[in-house]
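Here is a friendly briefing to read alongside your sequence and 3D view. Keep the viewer open and follow the topics in turn.

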Amino acid sequence: PGRHPLEQVLAEMKRHFGDVWTDLGQLEETENRRFVDAVVDAEPNHLDEVFRATLHQRTQGHPLFTIELLRAMKERGDLLQEGGAWMASPSLDWKRLPARVEAVIEGRVGRLDEKLHDILAVAAVEGERFTAQVAAQVLSVSELQVLRQLNEELDNHHRLVREIGEETVGGQIVSQYEFSHALFQKHVYDRLGSAEKRILHNQIGTALENLYGDQAGQIAVKLAMHFSDADVPGKAWPYYALAAEEAARVYACTEVVDHYRRALELVRRVDIDSQNLVRLYAGLGRAFELNSEFDQAVAVYEEMEDVSHERGDRVVELAALMANAAIKAVPT
């Protein structure tokens, strides 16, 4: 890629005056949030904490992105002025980006060569935080080459990513990175075709399994989401079940229910044995019971019984009847 026209000037300034580089992308989270609040409060408003937190999450306090997003929301009616104060419209749409912001992002990403684009595409599919070794496996290139391109080009030169650090998983050291702004990751991901996303999600899930090995349970939710987005339900549902069981150990009832529900949606498309089907329904019902949502638990066991009739599965039917009888036999 061509060198930035100011790069030589900055190098010369550093030679004469020392390290004069200030990375605005590394500002503290509290400073970014204060900036967002200051921009919002530049005019009278009734914009609450939810709005401000969402604006901060979307822009991460980036000055151009924050100002342009607010301006665009006012112009298209997402923000309305009543009695001289701005307030959020019921039709507020956080997904649309102003043309100027899109142009800035496109300019930053558009000047990358093909190899850097490929790394960034894999990174974007893995998420805002990603793993160098995963990109190397998916692209079938050396780990050292990917690390050099991430550090020298995508970080130091283009400022699109930054290194978080290293950790040991599955008996090996892996290097973690993140996009310098969430909108860069969104831009790259949104421009991939649906088939390309599906293939990359599957390859990334497989690469993560290889890296984490016996410790794959640590990232069960991440693996479940990748294989689900890859449309591989047979690999996705066991990870959702594992994630539900891990959440149950810390009494995170909302997560338990969500993960079991997702697993049960996926198993409708695959062959699953009686034991695992009972495991999913019983786990979901038990989560509702522990949260004192007994009507919900009964509904789960009744659904389980209906499924057993569809399958002609006496094992699942017996488990459903026993669970239903147990909950109705206890005063609640």
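This is a predicted model: local features need pLDDT of at least 70, side-chain atom pairs count only at pLDDT 80 or more; totals for chains, interfaces and linings use all residues.

**The chain as a whole**

- The protein chain has 16 helices and five strands.
- Its C-alpha trace spans about 80 × 60 × 35 Å along the principal axes.
- Of the 332 residues in the protein chain, 42% are buried.
- Among contacts with a separation of 6 or more, 58% come from residues 24 or more positions apart.

- Is Ser175 buried or exposed? The relative accessibility of Ser175 is 2%, and because buried means under 20%, Ser175 counts as buried.
- Leaving aside residues up to four places away in sequence, Ser175 touches Phe130, Thr131, Ala132, Gln133, Leu147, Gly165 and Glu166.

**Helix H11 and its buried side**

- Helix H11 runs over residues 220-229, and its buried residues are Ala220, Leu223, Ala224, His226 and Phe227.
- These residues lie on the same side of H11, because they cover an arc of only 165 degrees around the axis.
- Which helices do the buried residues of H11 pack against? Their partners are helix H6 (114-126), helix H10 (194-212) and helix H12 (233-249).
- After H11 comes Asp231, which has a positive phi near 60 degrees.

**Helix pairs**

Two packed helices are described by the angle between their axes and the distance between the axes.

*H4 with H5*

- Helix H4 (residues 63-75) packs with helix H5 (residues 99-110) at an angle of about 150 degrees, and their axes are 8 Å apart.
- Angles over 145 degrees count as roughly antiparallel, so H4 and H5 are roughly antiparallel to each other.
- H4 brings Leu64, Phe65, Glu68 and Arg71 to the contact, while H5 brings Arg100, Val101, Val104 and Ile105.
- Sorted by class, the contact of H4 with H5 holds five nonpolar, three charged and no polar residues.

*H6 with H7*

- H6 and helix H7 (residues 132-139) have axes 10 Å apart and pack at an angle of about 120 degrees.
- That angle makes H6 oblique to H7.
- The crossing of H6 and H7 is right-handed.
- On the H6 side the contact is made by Asp118, Ile119, Val122 and Glu126, and on the H7 side by Val134, Ala135, Val138 and Leu139.
- The contact of H6 with H7 has six nonpolar, two charged and no polar residues.

*H12 with H13*

- H12 and helix H13 (residues 253-267) pack at an angle of about 160 degrees, with 8 Å between their axes.
- H12 and H13 are therefore roughly antiparallel to each other.
- The crossing of H12 with H13 is left-handed.
- From H12, the contact involves Pro233, Ala236, Trp237, Tyr240, Ala241, Ala243, Ala244, Glu245, Ala247 and Ala248.
- From H13, the contact involves Glu255, Val256, His259, Tyr260, Arg262, Ala263, Leu266 and Val267.
- By class, the contact of H12 with H13 divides into 14 nonpolar, one polar and three charged residues.

**Positive phi in loops**

Most residues other than glycine have a negative phi.

- Gln60 is not a glycine, yet its phi is positive, at about 55 degrees.
- Where is Gln60 found? Gln60 sits in the loop between helix H3 (49-59) and H4.
- With a relative accessible area of 26%, Gln60 is partly exposed.
- Tyr251, also a residue other than glycine, has a positive phi near 60 degrees.
- Tyr251 lies in the loop between H12 and H13.
- The relative accessibility of Tyr251 is 66%, and because exposed means over 50%, Tyr251 counts as exposed.

- Asp190 belongs to helix H9, which spans residues 182-190.
- The relative accessible area of Asp190 is 38%, which means that Asp190 is partly exposed.
- How many residues apart in sequence are Asp190 and Arg279? They are 89 residues apart in sequence, and their C-alpha atoms are 37 Å apart in space.

Technical notes:
Residues are numbered from 1 along each chain as its sequence is written. Side-chain values use heavy atoms; hydrogens and water are left out. Buried means under 20% relative accessible area, exposed over 50%, partly exposed in between (1.4 Å probe, protein chains only). Contact means heavy atoms within 4.5 Å. Helices (H or I, at least four residues) and strands (E, at least two) are DSSP runs, numbered from the N terminus. The arc is that of the directions from the helix axis to the C-beta atoms. Axes are lines fitted to C-alpha atoms, for helices over the stretch in contact, and angles run from 0 to 180 degrees between N-to-C directions. Angles under 35 degrees count as roughly parallel, over 145 as roughly antiparallel, 65 to 115 as roughly perpendicular and the rest as oblique. Ala, Val, Leu, Ile, Met, Phe, Trp, Tyr, Cys and Pro count as nonpolar, Asp, Glu, Lys and Arg as charged, and the others, Gly among them, as polar. A crossing is left-handed if the near helix is turned anticlockwise from the far one by less than a right angle, and right-handed if clockwise.
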